[in-house]
Amino acid sequence: MSRLGIFVDRRTLSSSDQLTSLIRCRDAAEEMGHSVEFIFPVDIRKIPQMDALFIRARTDPMNITYVASRMAAFAGIPVIDDPESIQVCSDKVNMYMHLARAGVAIPRTLFLSKGDIHPSRVRDIMDDLGTPLVLKEPSTSFSLRVERVEDPAAFIRVARRYLKMSDWVVAQEYVQSTYDWRIGVLRGRFLYACKYIIPSQTFKIQDSVNGHVVYCAVESVPPDAVPAPIRDLGVAAGKAIGDGLYGVDIKDGKEPKVIEVNDNPSLEGGEDGSYPHVYREIVHALLET
Amino acid sequence: MNGVSPGIATPAEQQGGVPAAAVNRRGFHLARDRVYTVRYGGYTTFVSENYSYKSETYYAILARELAGEAVAPDTQSMLDAFVVPVCLERAGHCGIPVAAYTIMHSCAPAPAIVYGLNYFASTSHFEVLTGDARDREKVRHVTNGGKYPCCSQPISPDMAVTRAVSVFGKVLSPVPGMQEMAGSVWECFRIPLVELVCLSGPGGPVLSSLCPVRYSRLQPAERRLLKACIFGQVFL
């Protein structure tokens, strides 16, 4: 019997769905004969006593999840998400650099710094990438700090706002779609697939519209209904990042393109509805390989 | 703007790395926000006053790393150095004496030094709890009203907070043990310009945190040392 630590943070644990998902994970590990301990930030010293660590909290190199992940790495115990995956996936510049280096298809993308944000340069960028285009602050998550801009004035206004948070920002070709594929990848292998149906009021999977938060619908897709090019692209994107657990978002079209790779992918929205053994596979990867 | 691969491009001035200032000994001065590169020990070493996450320096180093170039510091060292518990764990693994610490959400027993652990925290902004009425407010400040955790390090009565600027692992501080500490931190993190915050007592200093250093805060002797390092004089 091994001990699995599940790292959680009360600050980012905010719904009954998330709690239910954590309990499903614990149950899966216990059914496999392992013991499970939930670890909160104040318990971080317990990490070296575990045999593996599974982080289920919003990751970022600047928050406590990175501390937990590095603690596990220093102790030499398997961890999902590992520090390198947190570092890469939390920063869209880093993530797109990894994807591009591996030859994974992504929308046309530019990294911009302060010196690029002036009218003539912005007009050139909009001519190059087309309009509308999408601006992203690199550490965006849950579609926060992602905006579609239609004209140079909006571009400059949004970019200047994002440049207060990062010295580089991402400008990207806009790819229209009514849904995104989410391909779950674990240790370089396909794990699950679902569709995020984008709400009609927005172009993002989650947004605030007139003061109301709108969420995408989630539709789990069985393995035999996942097109091979989507599945292969998802796996290739996961491998381009590392050897952990990833949720790869893909825009379908004439040529599918990876929009982003998420570490710590959500599993509480029904993403794994057609894949009842996802948590077993994660526990197996952490404790039994 | 030059492409690094099809479909992706970076700011033009970053493409060849950070614009290393024209290093001209005559009239040379350390310019604000400027990054200097020095070839040292097989590494391209980046001298910067801002090694923070998502800074120009961070992205310049990242681009070089992904191109396969040997760089110092690497981006993981930059992240590790300025998140206090990670810094201490890594330093401890490198054999450096480090302060004891705990992660807390609210009150920490005084006397102690406390650092915020959140997206907006900087190691330059720590609080020293002395056991008086202002402690609660100080903790509220670093935890953003209890929203985020903090890293608390107890200070024993015979300890004092001491600071020293390390330039390529060399310090001008007279504090006993600080030179050895700076050398070890340099070997461990490879950050050429960094401030050591230590808790110093009869047993010598223990590392409390690492902080970035503005060129404008350097003492004249430190500035001369840094310039000499940039020109390669110290390594001869």
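Predicted model: local features only at pLDDT ≥ 70, side-chain atom pairs only at ≥ 80, totals over all residues.
Helix α2 of chain A runs over residues 64–75. Its 12 residues reach 17 Å from the first C-alpha to the last, close to the 16 Å expected at 1.5 Å a residue. Of these 12 residues, 9 are buried, so α2(A) is largely enclosed by the rest of the structure. A residue is taken as buried if 20 or more other C-beta atoms lie within 10 Å of its own. The buried residues of α2(A) are Ile64(A), Thr65(A), Tyr66(A), Val67(A), Ala68(A), Ser69(A), Arg70(A), Met71(A) and Ala72(A). Their cover includes elements of both chains. From chain A it includes β1 (3–7), β3 (52–55), β4 (79–80) and α3 (83–89), and from chain B α2 (75–81) and α3 (84–93). After α2(A) comes Gly76(A), with a positive phi near 75°.

Helix α2 of chain A also belongs to the side of the chain that touches chain B. In total, 36 residues of chain A are in contact with 33 residues of chain B. On the chain A side, the elements that give two or more residues are α2, α4 (92–101) and β5 (109–113). By class, this side of chain A has 20 nonpolar, 8 polar and 8 charged residues.

A further helix pair in chain A is formed by α5 (residues 119–129) and α6 (residues 152–162), whose axes come within 10 Å and cross at roughly 110°. Angles of 65 to 115 degrees count as roughly perpendicular, and α5(A) and α6(A) are therefore roughly perpendicular to each other. Helix α5(A) contributes Pro119(A), Val122(A), Arg123(A) and Met126(A) to the contact, while α6(A) contributes Pro152(A), Phe155(A) and Ile156(A). The contact of α5(A) with α6(A) has 6 nonpolar residues and 1 charged residue, with no polar ones.

Chain B contains 6 helices and 12 strands. Of the 236 residues in chain B, 48% are buried. Among contacts in chain B with a separation of 6 or more, 61% are between residues 24 or more positions apart.

Note on methods
Residues numbered from 1 in each chain as written. Chains lettered and ligands numbered in written order. Axes fitted to C-alpha atoms, helices over the stretch in contact; angles between N-to-C directions. Helix = DSSP H or I, 4+ residues; strand = E, 2+ residues; numbered from the N terminus. Parallel < 35°, antiparallel > 145°, perpendicular 65-115°, else oblique. Contact = placed C-beta atoms within 7 Å. Nonpolar A, V, L, I, M, F, W, Y, C, P; charged D, E, K, R; others polar. Expected span 1.5 Å × (residues − 1).
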